[in-house]
Amino acid sequence: METHRLRNLLHPELLRERLAAEVVERTTLSFYRYVRLTGTEALRHALYTEWEQLGVLGRIYLSQEGVNAQISLPRANLDAFRSSLDAHVAFQGMPWKIAVEDDGKSFLKLKIKVREKIVADGLADDAYDVTNVGSHLDAENFNRKLEEGALVIDMRNSYECLIGHFEGAYLPKADTFRGAIEEVKEVMKGQEEKEVLLYCTGGIRCEKASAYLKHHGFANVNQLHGGIIDYARQIKAQGLESRYKGQNFVFDERLAERITDDVVSTCMQCGATSDRISNCQEATCNMLLVQCEACATKYARCCSPSCREIHQLPIEAQRAWRKGRSTRSTKTKAINDPDGLRQRIREEEELLARDGTLYPELIEVIQAKTNSA
Ligand SMILES: [Zn+2]
Ligand SMILES: [Zn+2]
């Protein structure tokens, strides 16, 4: 098999245009399962061939411990996709979650990757019993226990909790799952006898977190089954009150999915109430931040005057400036110090007012470009 062909090599802009021009309606869904998989490379190639034909886009991780997928596909192919899943014994009867707020344009291409683990948790699996997980709760029972005063713990990273979370939840400061799980264990020390409610985006991280906390002496651990994604669906379907307020951070082009109209965060640049999440448009920065509309306009969708200055240069000059600089990948880096950012913005504004540029060296770059042109 020519496995090197089993991936999409087209340019993102082209893929974006192609998706925008597509007329079929797409459904965004996610699923995961902890299940022992063998021959993951061969399985990866087989799935790629099957799912590409069904118009599946998205990100799928396969590992010896299971599968974790966030995808979109033409609505008309949902039944065929179900049959494709069922045809693989390990994936039979796979429960999936459908995104609530969805224009179907969440993913640009199909990526199936074989990895060490389906969630990068950094935990040694042989150090605790990964199958001894907490009790799975549906939305109604989760709400009930919440009202009864159970401890609520968000198992997501700090930047994911920003724009939406359950009322009264403990929100980790760590920006990795590994960090969050250790932090929770430390912070909750002494409360091992209390009833604990865990939740995350789709439920998968709580599978590990609940087993880990139980191993560390927490007696009464519960987890939100299907995560926030399915909670939102159940709330809607059953007409329940959403105790989750704001938006749900998601891992695709949308960045967030609105669950309720509450706005629980503030703009990191001016402090105004806002939950508009965005990446700095300067390509080498790409920092994730909460930015209100007014600041988005003021800073040209960038995180700071320095990024704005680069972003507004002619494209040739931007390229010359970027040469040799590494590009940080999306979402891995979020602003965790808004006060520091605001301080930096003030300093940069002052320099800018005085010198007219934050990059005196740029003048040479631009001149060199103009001369060579
Ligand atoms: Zn603002
Ligand atoms: Zn920036």
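The model is a predicted one, in which local features need pLDDT of at least 70, side-chain atom pairs count only at pLDDT 80 or more, and totals for chains, interfaces and linings use all residues. Residues are numbered from 1 along each chain as its sequence is written, and chains are lettered from A and ligands numbered from 1 in the order in which they are written.

I begin with confidence. The pLDDT, the predictor's confidence in each residue from 0 to 100, has a mean of 88 over the protein, and 92% of the residues reach 70 or more. Strand 8 (residues 164–166) has the highest confidence, at 98, and helix 13 (residues 362–372) the lowest, at a mean of 67. Where pLDDT is low, the predicted coordinates should not be read in detail.

Next, the overall architecture. The protein contains 13 helices and 14 strands; these are DSSP runs numbered from the N terminus, with helices (H or I) of at least four residues and strands (E) of at least two. Its radius of gyration, taken over C-alpha atoms, is 23 Å, close to the 21 Å from the globule rule (2.2 Å times the number of residues to the power 0.38) for 373 residues, so the protein is as compact as a globular protein of that length. Along the principal axes, the C-alpha atoms fill a box of roughly 65 × 55 × 40 Å. Of the 373 residues, 35% are buried, a term that requires 20 or more other C-beta atoms within 10 Å of the residue's own; exposed means 12 or fewer, partly exposed lies in between, and C-beta atoms are placed from the backbone.

One open sheet has five strands in the order 4-1-3-2-5, with mixed pairing; two strands pair if DSSP finds at least two bridges between them. Strand 4 (97–98) and strand 5 (110–114) are its edges, each pairing on one side only. Strand 1 (residues 26–34) runs antiparallel to strand 4, and two bridges join them. Leu 29 has Ile 98 of strand 4 as its bridge partner.

I turn to the interior. A nonpolar core is a set of buried Ala, Val, Leu, Ile, Met, Phe, Trp, Tyr and Cys residues joined through C-beta atoms within 7 Å. The largest has 59 residues, and Ile 153, Leu 198 and Tyr 199 have the most contacts inside it. Helix 7 (residues 204–215) supplies the largest share, six residues. Domain 1 (3–114) and domain 2 (125–246) each give at least three residues to this core, the bounds coming from an automatic or database domain assignment. Another core, of 21 residues, lies apart from it and includes Cys 267 and Tyr 299.

Finally, strand 7. Which way do its residues point? Leu 151 and Ile 153 point one way from the strand, Val 152 and Asp 154 the other way, and all are buried. Leu 151 counts as buried because 20 other C-beta atoms lie within 10 Å. Four bridges pair strand 7 with strand 9 (residues 195–199) in the parallel sense, and Leu 197 in strand 9 is the bridge partner of Val 152. Beyond neighbours within four places in sequence, Ile 153 is in contact (C-beta atoms, placed from the backbone, within 7 Å) with residues including Ala 169, Val 184 and Leu 198.

Notes: Two residues are in contact if their C-beta atoms, placed from the backbone, lie within 7 Å.
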